[in-house]
Amino acid sequence: AVEAIASGLRAGDGGGDSAKAWTPEATERAAQLLLSVLNRTSSGFAAFEEVLRLFDCPDAVIVSPDSAAARPLEASVVAGCALGR
């Protein structure tokens, strides 16, 4: 997934001024950051922590996500601009 997003980012630089082009390392890091932001494991953790805090009764309540119901992550790279949900 990182390589697919990085490839889209590289394709979007338009082959213009090389001074404005990202280095391969920067492109890969940008792709990793996008996936990190989209990652429900990270973004959902704050909500999960709050639920655990509210229902702090581990002997009586088991809280778990319904991962099977989650939609797949989506990312699009258009003209070097990355969008995701």
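Let's start at Thr 27, which touches Ala 6, Leu 9, Arg 10 and Trp 22, leaving aside residues up to four places away in sequence (contact means heavy atoms within 4.5 Å). Thr 27 sits in helix H2 and is buried, at a relative accessible area of 3%; buried means under 20%, exposed over 50%, and partly exposed in between, with a 1.4 Å probe and protein chains only.

Before going on, keep in mind that this is a predicted model, where local features need pLDDT of at least 70, side-chain atom pairs count only at pLDDT 80 or more, and totals for chains, interfaces and linings use all residues. Residues are numbered from 1 along each chain as its sequence is written, and side-chain values use heavy atoms, with hydrogens and water left out.

Now for helix H1, residues 2-11, where Ile 5, Ala 6 and Leu 9 are buried. They lie on the same side of H1 because they cover an arc of only 100° around the axis. Those buried residues pack against helix H2 (24-38), strand E1 (75-78) and strand E2 (81-84). On the face turned away from that buried side you'll find the exposed residues Ala 4 and Ala 11.

Over at the loop between helix H3 (40-54) and E1 is Phe 55, partly exposed at 48% relative accessibility. Together with Val 51 and Leu 54, Phe 55 forms a nonpolar surface patch with about 280 Å² of accessible area.

How far does the predictor's confidence go? On pLDDT, which runs from 0 to 100, the protein chain averages 76, with 80% of its residues at 70 or more. Among its elements, H2 has the highest mean (88) and E2 the lowest (74).

How values were computed:
Helix = DSSP H or I, 4+ residues; strand = E, 2+ residues; numbered from the N terminus. Arc of directions from axis to C-beta. pLDDT = per-residue confidence, 0-100. Patch = residues over 30% accessible without salt bridge, like charges linked within 9 Å, V, L, I, M, F, W, Y side chains within 5 Å. Areas by Shrake-Rupley, 256 points an atom, 1.4 Å probe, with all protein chains shown as cover. Salt bridge = Lys/Arg side-chain N within 4 Å of Asp/Glu carboxyl O.
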